[in-house]
Amino acid sequence: MTQSNDLDAVARQARDRLDQHTYEMVQRHFHESTGCPFWLQKKSELDFDPLTEVKGFDDLKKFPLFEDEWLRGGPVERWRMKDMSDQPTYVFETGGTTGIPKSRVVVDDFRTDYEVFSDTLPDEYFPRGSNWLMLGPSGPRRLRLAVEHLAQYRGGICFCIDLDPRWVVKLIKKGWMEHLEAYKNHCIDQAVTVLTAGHDIKCMFATPKLLDSLCLALEDRGTSLAEVGVKGVFSGGTEFTPQWTRYAVEELLGGPASEGGVYMTPTYGNTLMGLACSKPVTAEEDYKISYYAPQPRAVTEVVAFEDPNTLVGYGETGRVKLTTLTPEFFVPGFLERDEGEREAPFDLYPWDGVSGVRPFHELASSTTVGVY
Amino acid sequence: MIDIPVVRWGKPYESLEKSDVSHFETGEPIARVSQANGGLLARDMRKADRARQLLKEFSIEDLIHRAALAADQFENETLPLGNGTQSADEFVMHQSASTGLPEAMCRANMKKNSFVLRNMTEILDCLTRGLPLDLLSRGYGMESRGVVVSYQAQTSVLGAVLPSNSPGVHTLWLPVIPLQFGLVLKPGSSEPWTAYRVAAAFEKVGIPPEAIGLYPGGHDVGSSLLSSCRRSMIFGSEKTVNQYSGDPQVQVHGPGFSKIFLGEDCVDRWEEFIDPMVESVYINGGRSCINCSGIYAPRHTREIAQAIAEKLGPIEPLPTADPEAGLAAFTTPGVGAAVWNMVEQDLQSEGVTDCTAEYGPRLVDCERYSYLRPVVAHAESPDCEIASKEFMFPFVTVVKCPQADMIKKAGPTLVGSAITEDQQWIDQLTDATNIDRLNIGPIATNRLNWLQPHEGNLIDFLFRSRAYQVTDESMLQW
């Protein structure tokens with residue numbers, strides 16, 4: 001069998017698994033004994049019966065696009081699955097610099113998502129049992145608990161820095177750049193203190209901007225991320241461009257990991273989805289970043305700008321469409337605020353990916369990205 | 001196509017991200033410009049001190065001499081640009097094609113830049129108020145009147161976030177290299193030409209390329225430049241001005257709201273002054289901060305507005321290569337229409353008359369670009385909204401306003417030309433802190449004397465005058 005036939009076969013298997021998973025999740029979310037009040041109410045507005053008419057992933061096109069506005073405001077209980085309502089529940093928020101934030105209730109999803117992600121991390125650069133630093137948005141965001149769980153799942157302890165992105169956005173909007181700089185320095189100082197306090201931290205999460213500032217701050221103190229013991233970093237955000245990655249690898253992290261530098265892996269995700277991993281990024285491929293969702297729990301598609309139910313061809317540009325299919329949360333097709341190019345499956349992730357992720361061109365000017 | 005790299009202290013750096021600079025009419029790319037990222041610039045700024053160290057190996061007099069040689073290179077020679085070269089004529093064509101400015105204006109701006117480079121001795125003499133230049137280099141010294149003075153450099157480099165649509169502003173940062181400071185420039189996205197050509201001209205005459213950094217890129221590069229340079233300039237909108245107005249490290253250049261004031265004693269002779277008024281509004285396509293956007297007079301305002309409209313109203317866009325072309329294109333689709341909507345709204349307000357209405361539609365909208373033909377408005381009172389507006393095309397409001405109210409009502413004014421011989425009023429104008437450059441007499445607002453500081457003295461910005469005491473013995477060794 002050729003390599004291409006191999007890939008076709010595993011891609012078919014992955015697709016079958018996705019169809020089966022879709023069926024099971026739709027049964028769960030729309031059954032009176034398990035579903036959440038929101039979707040059970042929505043069911044009555046649909047002109048089809050999800051329980052009988054959704055048999056595979058393609059049938060999800062029968063649903064209207066998910067509107068994230070539905071997540072704004074209360075009662076938050078409408079999102080709790082009936083059969084999980086007695087379990088300890090978290091609420092994670094997104095947005096909210098002004099007005100009511102969007103919220104998602106979670107029991108175990110964040111843990112599962114990050115356990116799945118953990119399996120993609122190379123132990124060589126994210127040694128099991130080592131401690132972590134979480135340098136990113138905290139408070140009502142999912143990320144802090146998720147990274148902490150990741151560290152614990154891998155046998156370590158996570159040190160966290162408190163960072164309020166809503167305040168950062170306000171500072172930018174008010175033009176208080178001096179305060180912005182002071183707040184950034186306040187966060188970076190804490191990170192440097194933790195990293196140099198003998199806690200044996202070998203792994204970390206940082207947003208690109210904070211990673212940049214942290215590396216410069218360490219350099220100012222005559223050291224570097226590698227010298228303080230960090231071996232692997234995972235990071236995320238739409239400003240994660242090939243050029244930024246190259247800059248980070250060449251100038252912040254001491255070169256490619258294969259040549260002794262700190263390993264870095266980009267990720268793409270948000271509160272609605274889990275965490276999409278990147279195909280290994282290499283200089284040979286001009287630091288091209290291609291993300292693959294944790295299928296079947298989440299699916300990313302690249303769809304035509306004018307028709308969200310039509311995939312674009314491989315290599316073509318379209319809007320990123322997200323579908324979330326976990327036992328706790330159902331999002332049947334949500335148009336992200338991003339666009340990118342459709343990427344082909346490959347052996348590690350035998351399903352579609354997306355590369356060149358950037359703010360959707362029609363919304364780009366009104367979106368504040370990469371603020372922290 | 002020309003491939004233009006980021007320049008990191010003289011070293012070209014090809015980015016993985018590139019942005020095309022395109023011809024505004026055809027959309028054809030002219031150059032592909034590597035895009036820096038903010039962190040890259042911040043990181044390079046750690047080596048900023050070396051730029052000044054290298055330049056201090058030359059005397060200021062030597063650098064002034066080289067600047068004059070660079071003027072010839074800039075104005076006449078074929079110079080390296082990215083992976084190719086660019087002749088002086090190509091520079092004019094490229095700049096016109098990407099900014100929408102007529103070629104004649106590009107050439108005039110080019111001459112303005114080379115004039116400043118060539119006349120650096122006089123300009124620095126003026127900016128320093130006659131200080132011996134070695135005093136700036138050393139940081140202290142003795143003035144001719146026998147007093148010890150010290151001017152301490154506040155930075156090693158000057159950063160500048162340059163505009164895309166006003167190639168005339170570059171004269172402001174040109175004296176920096178002769179003053180032994182490095183330069184860190186973020187060129188405008190559609191006007192990389194001047195910054196790269198000046199850098200090439202400087203290199204050609206032996207100025208160390210390591211003294212200059214060129215960082216084209218997005219907003220993050222601009223923010224990074226402003227936060228990592230201890231002294232920088234930015235050119236932008238009123239919003240930009242407000243954002244940085246309280247920051248002592250940033251010199252901000254925005255809309256000028258330049259004005260002409262006709263005094264009670266001269267206004268009845270208004271016809272004599274129409275030519276400088278028209279020139280003030282129309283020159284350079286109305287794009288400069290020194291273009292006049294308001295003419296204040298106590299009477300005859302309707303006649304003045306009609307007379308200016310008669311001259312400017314019929315003007316139409318011409319091909320950029322036409323030596324008579326006087327209007328510059330808006331090169332971003334939709335911008336001309338958006339600006340016209342704002343102007344139209346103001347023109348419909350109570351007390352406002354559109355004096356150019358009879359000369360046909362003002363908006364000339366094409367697929368990729370647009371033009372706005374000159375607009376002359378008349379306002380019955382300085383309280384009309386339109387009286388405080390400035391746009392990037394030949395636009396002026398003739399405002400009826402009693403002389404006694406003019407200074408107060410005029411608001412911020414970069415260049416104020418007061419046509420009056422009334423000494424009492426001249427004294428009041430001289431004291432008015434809302435007027436930056438003051439001209440007394442019928443001087444067009446655009447006629448700048450280069451021997452006068454513009455919007456803050458560069459020397460005051462780069463140096464701090466401070467106390468410096470030494471013993472008599474050590475003074476003898478100087």
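Me: The expected span of a helix is 1.5 Å times one less than its number of residues. This is a predicted model, where local features need pLDDT of at least 70, side-chain atom pairs need 80 or more, and totals for chains, interfaces and linings use all residues. Residues are numbered from 1 along each chain as its sequence is written, while chains are lettered from A and ligands numbered from 1 in the order written. How far apart are the end C-alpha atoms of helix α3 of chain B?
Reply: Helix α3 of chain B covers residues 60–76, which makes 17 residues. (Helices are DSSP runs of H or I, at least four residues, and strands are runs of E, at least two, numbered from the N terminus.) At 1.5 Å a residue, α3(B) should span 24 Å, and the distance between its end C-alpha atoms agrees: 24 Å.

Me: What does helix α12 of chain B reach from its first C-alpha to its last?
Reply: Helix α12 of chain B has 12 residues, 301–312. T301(B), I304(B), A305(B), A307(B), I308(B), A309(B) and L312(B) are buried in it, and their cover includes α11 (274–282) and β16 (292–297) of chain B. The reach of α12(B) is close to the 16 Å expected, at 16 Å.

Me: Over in chain A, are α4(A) and α5(A) parallel or oblique to each other?
Reply: The two meet through residues such as F110(A) and Y114(A) in α4(A), and L145(A) and H149(A) in α5(A). Their axes (lines fitted to C-alpha atoms over the stretch in contact, with angles of 0 to 180 degrees between N-to-C directions) come within 9 Å and cross at roughly 55 degrees. Under 35 degrees is roughly parallel, over 145 roughly antiparallel, 65 to 115 roughly perpendicular, and the rest oblique. The helices α4(A) and α5(A) are therefore oblique.

Me: And how do α6(A) and α7(A) run, roughly parallel or roughly antiparallel?
Reply: Helices α6 (165–174) and α7 (177–195) of chain A pack at about 155 degrees, with axes 8 Å apart. That angle makes α6(A), relative to α7(A), roughly antiparallel. W167(A), V168(A), L171(A) and I172(A) of α6(A) make the contact with H179(A), L180(A) and Y183(A) of α7(A). The answer, again, is roughly antiparallel.

Me: Which helix gives the largest share of the side of chain B that touches chain A?
Reply: Residues are in contact if their C-beta atoms, placed from the backbone, lie within 7 Å. There are 11 residues of chain B in contact with 14 residues of chain A. The largest share of chain B's side is four residues, at 38–44, from helix α1.

Me: Is R297(A) buried or exposed?
Reply: R297(A) sits in the loop between β9 (290–292) and β10 (298–303) of chain A. Leaving aside neighbours within four places in sequence, R297(A) is in contact with G274(A), L325(A) and T326(A). With 21 other C-beta atoms within 10 Å, R297(A) is buried.

Me: How far is M142(B) from P132(B) in space, C-alpha to C-alpha?
Reply: M142(B) is in strand β8 (residues 140–142) of chain B, and it is partly exposed, with 14 other C-beta atoms within 10 Å. In sequence, M142(B) and P132(B) are 10 residues apart, and in space their C-alpha atoms are separated by 8.4 Å.

Technical notes: A residue is buried if 20 or more other C-beta atoms lie within 10 Å of its own, exposed if 12 or fewer, and partly exposed in between; C-beta atoms are placed from the backbone.
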